[in-house]
Amino acid sequence: MVCDDTLRACYLGTVSIHPRARGEGHMKALMDMWLEELRNTCDMVVLYGQRQRYEYFGFTLGGVKFKYFVGGANVRHGLKQVKGLSNA
């Protein structure tokens, strides 16, 4: 919700076209039909896929994704002052 309005969100997964059919306009046709259908039913579309492929259809970056890894060495080093922490 934003203020008192409920946002209707839709999700778009990866659109795939068979390699032998690529370059024939199938993805464009599918996306045009799908986006036209969504215009009256969704306020925003969440995209899962390669953003550069979908920029053609008006998709832009709407957030930030953080990805990180914490391993045992990070914990031992970062928390070496904590009493009772195992060095295992």
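A crossover is right-handed if, with the strands pointing away from the viewer, the path from the first strand over the helix to the second runs clockwise. In this predicted model, strand β1, helix α1 and strand β2 form a β-α-β unit of the right-handed kind. One disulfide is present in the structure, and a search of the whole structure gives three salt bridges.

**The β-α-β unit**
- Strand β1 covers residues 9-12 and strand β2 covers residues 44-47; the two pair in the parallel sense over four bridges.
- Tyr11 has Val46 of β2 as its bridge partner.
- Helix α1, the helical element of the unit, spans residues 26-38.

**Cysteines**
- The disulfide joins Cys10 and Cys42, with 1.6 Å between the sulfur atoms.
- This pair links distant parts of the chain, 32 residues apart: Cys10 belongs to strand β1, and Cys42 to the loop between α1 and β2.
- Cys10 and Cys42 are both buried.
- Cys3, in contrast, has a relative accessible area of 74% and counts as exposed because this value is over 50%.

**Salt bridge between Arg8 and Asp43**
- The side chains of Arg8 and Asp43 form a salt bridge at 3.3 Å, N to O.

- Lys28 and Asp32 meet through their side chains in a salt bridge of 2.8 Å, N to O.
- Both residues lie in helix α1, where they are four residues apart, about one turn of the helix.
- Lys28 is partly exposed at 37% relative accessibility, and Asp32 is partly exposed at 35%.

**Salt bridge between Glu36 and Arg39**
- In the salt bridge of Glu36 with Arg39, the closest N and O atoms are 3.2 Å apart.
- Glu36 is partly exposed, its relative accessible area being 47%, whereas Arg39 is exposed at 56%.

**Nonpolar surface patch**
- A nonpolar patch on the surface consists of Val64, Phe66, Tyr68, Val70, Val75, Leu79 and Val82.
- Together these residues have about 770 Å² of accessible area.
- Phe66, one of the patch residues, is located in the loop between α2 (51-54) and α3 (72-78).
- The relative accessible area of Phe66 is 71%, and the residue is exposed.

How values were computed
Residues are numbered from 1 along each chain as its sequence is written. This is a predicted model: local features need pLDDT of at least 70, side-chain atom pairs count only at pLDDT 80 or more; totals for chains, interfaces and linings use all residues. Side-chain values use heavy atoms; hydrogens and water are left out. Two strands pair if DSSP finds at least two bridges between them. Patches are made of residues with over 30% relative accessible area and no salt bridge: like charges are joined within 9 Å, nonpolar side chains (Val, Leu, Ile, Met, Phe, Trp, Tyr) within 5 Å. Accessible areas come from the Shrake-Rupley method with a 1.4 Å probe; for residues, only the protein chains shown count as cover. A salt bridge is a side-chain nitrogen of Lys or Arg within 4 Å of a carboxyl oxygen of Asp or Glu. Buried means under 20% relative accessible area, exposed over 50%, partly exposed in between (1.4 Å probe, protein chains only). A disulfide is a pair of cysteine sulfur atoms within 2.5 Å.
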